Amino acid sequence: MSDTVLDIEGLSVHFPTRRKLFVAVNKANLAVEPGEIHGLVGESGAGKSTIGAAVMGLLERPGHIAEGTVSFKGEHISGRDADGMRALRGAKISMIFQDPLTSLNPLLTVEQQLVETIQFHLKLSDADSLTRAVALLDRVGIPDPSERIKQYPHQFSGGMRQRVVIALALCSEPDVIIADEPTTALDVSIQAQILELIKELARERQTGVILITHDMGVIADTTDKVTVMYQGKVVESGTTAQVLGAPTHEYTKSLIAAVPRPTLKVHRFPQLSYGGRQIAFHIDDLARNWERPEPSKSGTLLKVEGLTKTFLARNAIIPSRRKYFTAADKVSFDIREGEVFGIVGESGSGKSTVARMIATLYQTNGGKIFFDDEEITQLKTAKDLESYRRQIQMIFQDPFSSLNPRMRVDEIIAEPVKHHKLLEGDAIQHRVDELLERVGLGSDAGRKYPHEFSGGQRQRISIARALATQPRFLICDEPTSALDVSIQAQILNILKDLQEHLGLTMLFISHDLPVVRQMCDRVGVMRQGQMVEVADTETLFAAPKEAYTRELLSLMPKLEGLSTEGLEDEIV
Amino acid sequence: MSDQTSTAPQSRLAKALDSDFFYNFRRSPVAVVSFVAVMLLVLSSAFAPLIAPYDPFDPGSLDLMNGFTAPMAPNDFTGDVFWLGTDDQGRDVFSTILYGMRVSLFVGFAAVSFAMVLGITLGLVAGYVGGWVETIIMRAADVQLTFPAILVAMLIFGIAKGVIPIQHHDQMAIWVLIVAIGLSDWVQFARVVRGATLVEKDKEYVQAARMIGRGRGIIMLRHILPNVLSPVLVIATISLALAIIAEATLSFLGVGAPPTQPSLGTLIRIGQGYLFSGEWWIILFPSVTLLALALSVNLLGDWLRDALNPRLQ
């Protein structure tokens, strides 16, 4: 036993279910040393969080450790009973969860939560505990800690709340911290600060950290060592530079090749398929039957002028006492026929609001939208909007909520066709089968319900629905942010194909700069409801004009050490 | 996924028997027992003419000499034996219970269906349309909740009695009862459906339908309604038990089912007059039946609520 603090050997976690034994973790090995940040990366369902839960003794029934051991400072802890684990949990091993909103008690002040934890673990007096709590808040970078400690969690912003969670995890001076997707719910700028803080704390206190994440950028920038998991198995493990720079396992290679790079633009993501997940997307057949309308005379398909949207923040009977929140503030831009226009911004910047106004889902409070030189904002009745609605379609963010769970897939895809009376009788079914075939699902997929498909497959159903009316303009609102990186690569490839072969014009909304760089011809940057800067993608990334754009770009994960294997032929 | 598609297509029955829902059912003794009890009671009342040894509504088969016969004991005059005894008129209590349960169950089902249709419609509209429409519907619901359901039902019953001509009272009584109980019960459905609608209407599939240009009516019916029905099923089951009890209460108070069509409540009312004179069976057996019916329906509803709630599994 060297100075390893946490040693996981041959760990298997089983979830016996009614039909079969589900092996969530299969003979995994992992060792963490003091002061080391060990990244645990994999796609959803790979078993990374299960390892965290197994170490903490927080496996949910019927899950249990079937074999293998977890040792803490040389002592087996995997066999301990509930009381034994409780003595360890929080005291020697702490956990930081993904969502800072739910991991703090909303009814207690930060002081109550911190002081109680400190007293419980370190048995200090009230005054000493308070001093210590304030010092901890100060350490995790909360300004004016002696005042803010008296506040409730809802008075803190998301990033500040995650800092409080970290302070809470540090209360007992743990030897190991397990951070389960600690920055996934946060904006990029805050993510960078939180990761920096975790890094500093690990060095300073010689705490071992297991950082569970699906984000290669986080791994590359933060961790010392990395373990890659796939379907419950550890496929590769080593120092971060070595694993990311020269991966040896096929799965790691495919994973790394699918990561969008901030610095190089690829033509298509390579389909280094692993586990037979390659999909066939028959764009040529689709393009043959595609009816292309006359291109817009001015060359500009969509033009937005001074678009404004306000939401009622506080209602009151007297109009002057009502408070409004401006989600979009005089936004102007135009999209040329056949181009992909990106809008980037952090959450709350108003990018989705703009998309929804264009999609006629929100009424505008000011400004004009022109589509093919016709002013859409003047059309009031559903009948007038019919033709516009047929020409625009939208792909939504969450593949689990964008399809009606009680409708069959063929009904879902046929709905727009039926509504616009584009086809009749058998021709509808024929169109549906064709679309399903083209997006690589096979025509028998139509007889199933959405829950029978995975996230990536559902997103392809969503794309099929969007293509059913043969639109000219496609709005993609964060189409891949809920997907794993390899699925994201598939979907992005499909969207690129559509744009290229069908001449579709796209509005692409994303918070992810590297993705925007891969997808868009021109980009608009939004902040707090305003359009800050609009430029060609290459210009924007190479020479940003505005300070805010520069700041956003500087926060992008650099991913410089990442292997470019498999990408060579695709680099533009 | 792939292993599911490769297997031969199962029949609907086989699929249902293999579902997690049915598995959950089999593993819950309470659910199985209460389901069997409900089915037994419902079927025996449905087939009452075949099962009942006597027809309590045929005056020709009644013999006043058989009045007040104790259960399982031969009558002093005629020597006839009745399983659960007879009432003052010489009616067989067992047969009367079977026929009375028909009325109770019919009123219960019909009242719940009425409340359900009303509540779902109002809840959907309130949740989806919002604004002042929602305010009016939900405030009406709040006001109604401040009155006990039985009071509302009695009020409606009283109004109906005043409006309907007296010669139609007996034949209209059952329908008035259904409307009265239904109107006092729609609030629960409306509240739950409104809540579920508020959740569903922000989901992206509803936005996708709006983007296509679908109208409000179609979105409510085709997209939202099917997705808010599972909590409705749970409430409907529990409401059924409540409606049966409400009917029994009204009938017990003498404002419900008429003596020509006695329900369980009517039988209990008749029986309570003889409780202290020693003829305990006239009130006991209808009461026990009512208890068994309401309890088993309620337990089934409880199980259904847990089974349909994925968070409790």
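Predicted model: local features only at pLDDT ≥ 70, side-chain atom pairs only at ≥ 80, totals over all residues.

User: What is its phi like?
Analyst: Lys73(A) has a positive phi of about 50°, although it is not a glycine.

User: And how many other C-beta atoms lie within 10 Å of Lys73(A)?
Analyst: There are 15, so Lys73(A) is partly exposed. The partly exposed class lies between 12 or fewer for exposed and 20 or more for buried.

User: Which residue of chain B has a positive phi without being a glycine?
Analyst: Met72(B) does, with a phi of about 60°. Met72(B) lies in the loop between α5 (48-51) and α6 of chain B.

User: Is Met72(B) buried or exposed?
Analyst: Exposed: Met72(B) has 11 other C-beta atoms within 10 Å.

User: Back to chain A. Which peptide bond from Arg61(A) is cis?
Analyst: The one to Pro62(A), with omega near 5°. Pro62(A) is found in the loop between α1 (48-56) and β4 (64-72) of chain A.

User: Let's zoom out to chain B. How many helices and strands?
Analyst: Chain B has 15 helices and zero strands. Its C-alpha trace spans about 80 × 55 × 30 Å along the principal axes. Chain B has 313 residues, and 42% of them count as buried.

User: What about contacts across the sequence in chain B?
Analyst: Take contacts between residues at least 6 apart in sequence. In chain B, 69% of these join residues at least 24 apart.

User: What does UniProt say about chain B?
Analyst: An unreviewed UniProt entry annotates "transmembrane region" over residues 30-52, 105-133, 145-166, 172-193, 224-246 and 280-301 of chain B.

User: How helical are residues 30-52 of chain B?
Analyst: That span is 91% helix and 0% strand, with its end C-alpha atoms 29 Å apart. Residues 105-133 of chain B come to 97% helix and 0% strand. The end C-alpha atoms of residues 105-133 lie 35 Å apart.

User: Pick out helix α12 of chain B. Which residues are buried there?
Analyst: Ile219(B), Met220(B), His223(B) and Ile224(B) are buried in α12(B), which covers residues 216-224. These four cover an arc of only 115° around the axis, so they sit on the same side of α12(B).

User: And which exposed residues are on the face turned away?
Analyst: Gly217(B) and Leu221(B).

User: What do the buried residues of α12(B) pack against?
Analyst: They pack against α6 (93-129), α10 (186-201) and α11 (204-212) of chain B.

User: Switching to chain A against chain B. How many residues are in contact?
Analyst: 22 residues of chain A are in contact with 16 residues of chain B. On the chain A side, α13 (382-391) and α14 (409-419) each give two or more residues. α13(A) gives the most, with four residues. By class, the chain A side has nine nonpolar, six polar and seven charged residues.

User: How is chain A divided into domains?
Analyst: Domain 1 is 1-87 + 215-257, and domain 2 is 284-558. Their C-alpha centres lie 38 Å apart. Eight residues of domain 1 of chain A are in contact with four residues of domain 2. The largest share of the domain 1 side, four residues, comes from α8(A).

User: Last topic. How many residues are in the largest nonpolar core?
Analyst: It has 234 residues, and those with the most contacts inside it are Leu507(A) and Phe508(A). α6(B) gives the most to this core, with 19 residues. The core also draws at least three residues from each of domain 1 and domain 2 of chain A.

User: What is Leu507(A) in contact with?
Analyst: Leaving aside neighbours within four places in sequence, Leu507(A) is in contact with Ile335(A), Phe341(A), Ala355(A), Ile358(A), Ile475(A) and Cys476(A).

Note on methods
Residues numbered from 1 in each chain as written. Chains lettered and ligands numbered in written order. Contact = placed C-beta atoms within 7 Å. Arc of directions from axis to C-beta. Nonpolar A, V, L, I, M, F, W, Y, C, P; charged D, E, K, R; others polar. Domains from an automatic or database assignment. Core = buried A, V, L, I, M, F, W, Y, C linked by C-beta atoms within 7 Å. UniProt positions renumbered as here; feature names shortened; annotations may be inferred.
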